[in-house]
Amino acid sequence: MAYESVKVKKPLTLTLLPILSVFTFFSAWEMIVDTGIVPSTMLAAPSAVIKLFLVKLTDPNPDGAVLAAHAWTSGKEAFIGYLLSLAFGLPLGLLMGWFTVVRGLARPIFELIRPIPPIAWIPLTIFWFGIGIEGKVFIIWLGGVVPCVINAFVGVRMTNPTLIQMARTYGASDWQIFVQLCIPSALPMVFGALQIALVCCWVNLVGAELLAADQGLGYLISMGRRLALPDMVVLGMVCVGFVGAVIGYAIERLERRLLAGIRR
Amino acid sequence: MGDRAIANEVQEAVGEKKPMTIYRVITNEYFLYCVSTVTFLLVWQVIGQSDMFKGALASPVQVVLRFERMLTDTLAGLTLWGHIWASTSRVLIGFALASAFAIPIGLFMALNPYVDAIIKPVFDIFKPMPPIAWVSIAILWFGIGEPSKIFIIVIGTFVPCLLNAYTGIRLIEPELYDVVKVLGGNRRDEIIQVSFPASFPAIFAGLQISLSNAWTCVLAAELVASRSGLGFIIVQGMKMSDTSLVIGGMVIIAIVAWTTSLLIIILEKLVCPWKRKLEGF
């Protein structure tokens, strides 16, 4: 940008409104449950959720594990699935972007599998792996691998063709161009994939646990539904949302660190 | 391809005649596509027929035969077309509802800082929650009928629609506004002439994401509880240990989801013909 940055002072109302809005939202939520407009069997008040949160920190009843154990199980599954999808998806995407043979062989199969939502694999997964951790990791891996491949692929394809021609002129081999030119130029897209894939993994985790699990945050939610305990459902949702937001924020910070100097 | 003119650039395609050699045929991308597809199906067929997965993997031939039967026979009172329509109508209703609300709200938020200040923080609380997590609460609220499924789809599609409409306007180059100002336009001209058209591509990208989210959501809802739809076919297959039903259901979901996303691409081409295609997927 050729402009000098000008500090515009925000009006006071604009700084106050967000706080006011969140406050109104939570008090309205509390009110409609407390006054009985929405029965407490359908929606839990924020205060009830906080109370349950404190209880669940130490009490494994009625779903069999304390909150930390649920979070640990979910986190472990998501993390393994995420790492596997990176380890598989990024190299595949990069190779697909540069080598015609890899692209020709892998793309039809990838296009075949891509539009199937990962949770549609759940029944097959149960047939193949049972309901253990392998099955869930497989579902999470499926969710994460698609954005990895796409981003790495597009990153390589967007390499500046002038640079490739220049490298050719200087007599670089295909492999050299790939390693020294395409991969570095695809890096911003690859880092984008890190974040997108993590979000996909985390979303699919809930799906995988909703159907078959004995521990984990998704399990906490579906247990809450089966026992008709809305506070447990909401607690599970808040935990999932919160952890997801924290992870997303951490990755974004990391990305900014690693990509300092590269403009996207 | 001949010369194509986009805006004021002329792109010249230079054709180069190369001799037809075996090496070139083998490394041709489309030839490889065929090879890979055929190999994939063959390997699948062989593995499916052998006892490697102990009957937990139906071969492609079995799947096709099973679904040929489904076209006339009924499963839970509906033929295959009935199930496809059940899922598709849910997706379309939820999708239409969500985009009808989310896009205007997103545009409004991006254009007015006060609306932004009020809605954004509450929206940010809901944003990171996976739509599938709403399945449970939807069932608590609406039972297992049609409304709960549509509710889940609306939730799942709302976030990307709103977010993309919002960022679409936020990322418009300020120079474009300056042009309108220089030409003597007022705020209204800015919004109608610049903001809306410039945000269309982002909005359509949001619709694409929404649509694939909508399919995930409808599946999740149908897997948990339903009597019709493609997710129901998969669950039935699982309950009856009929893997050809499961795999066929997955394939049909892929086809239907792909078709609906194709419709959005066509719509996008009609609405914003100036958008250039990016190389890649």
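A residue is buried if 20 or more other C-beta atoms lie within 10 Å of its own, exposed if 12 or fewer, and partly exposed in between, with C-beta atoms placed from the backbone. The model is predicted: local features need pLDDT of at least 70, side-chain atom pairs count only at pLDDT 80 or more, and totals for chains, interfaces and linings use all residues. Residues are numbered from 1 along each chain as its sequence is written, while chains are lettered from A and ligands numbered from 1 in the order in which they are written.

**Exercise 1.** Classify B:Thr88 as buried, partly exposed or exposed.

Solution. Step one: locate the residue. B:Thr88 is in helix H4 (residues 80-111) of chain B; helices (H or I, at least four residues) and strands (E, at least two) are DSSP runs, numbered from the N terminus. Step two: take the count. B:Thr88 has 18 other C-beta atoms within 10 Å, so B:Thr88 is partly exposed. As a further detail, the C-alpha atoms of B:Thr88 and B:Val180 are separated by 43 Å and lie 92 residues apart along the chain.

**Exercise 2.** Describe chain B as a whole.

Solution. Step one: chain B has 11 helices and two strands. Step two: along the sequence, the pattern reads β-β-α-α-α-α-α-α-α-α-α-α-α. Step three: 35% of the 281 residues of chain B count as buried. Step four: among contacts in chain B between residues at least 6 apart in sequence, 66% join residues at least 24 apart.

**Exercise 3.** How are H4(A) and H2(B) oriented to each other?

Solution. Step one: H4(A) and helix H2 (residues 29-49) of chain B pack at an angle of about 45 degrees, and their axes are 7 Å apart. Axes are lines fitted to C-alpha atoms, for helices over the stretch in contact, and angles run from 0 to 180 degrees between N-to-C directions. Step two: angles under 35 degrees count as roughly parallel, over 145 as roughly antiparallel, 65 to 115 as roughly perpendicular and the rest as oblique. H4(A) and H2(B) are therefore oblique to each other. Step three: the residues that meet include A:Leu105 and A:Ile109 in H4(A), and B:Leu32 and B:Phe40 in H2(B). By class, this contact of H4(A) with H2(B) has seven nonpolar, four polar and three charged residues. Here Ala, Val, Leu, Ile, Met, Phe, Trp, Tyr, Cys and Pro count as nonpolar, Asp, Glu, Lys and Arg as charged, and the others, Gly among them, as polar.

**Exercise 4.** How many residues does each chain give to the contact?

Solution. Step one: chain A gives 49 residues and chain B gives 47 residues. Step two: the side of chain A that touches chain B divides into 36 nonpolar, nine polar and four charged residues.

Note on methods. Two residues are in contact if their C-beta atoms, placed from the backbone, lie within 7 Å.
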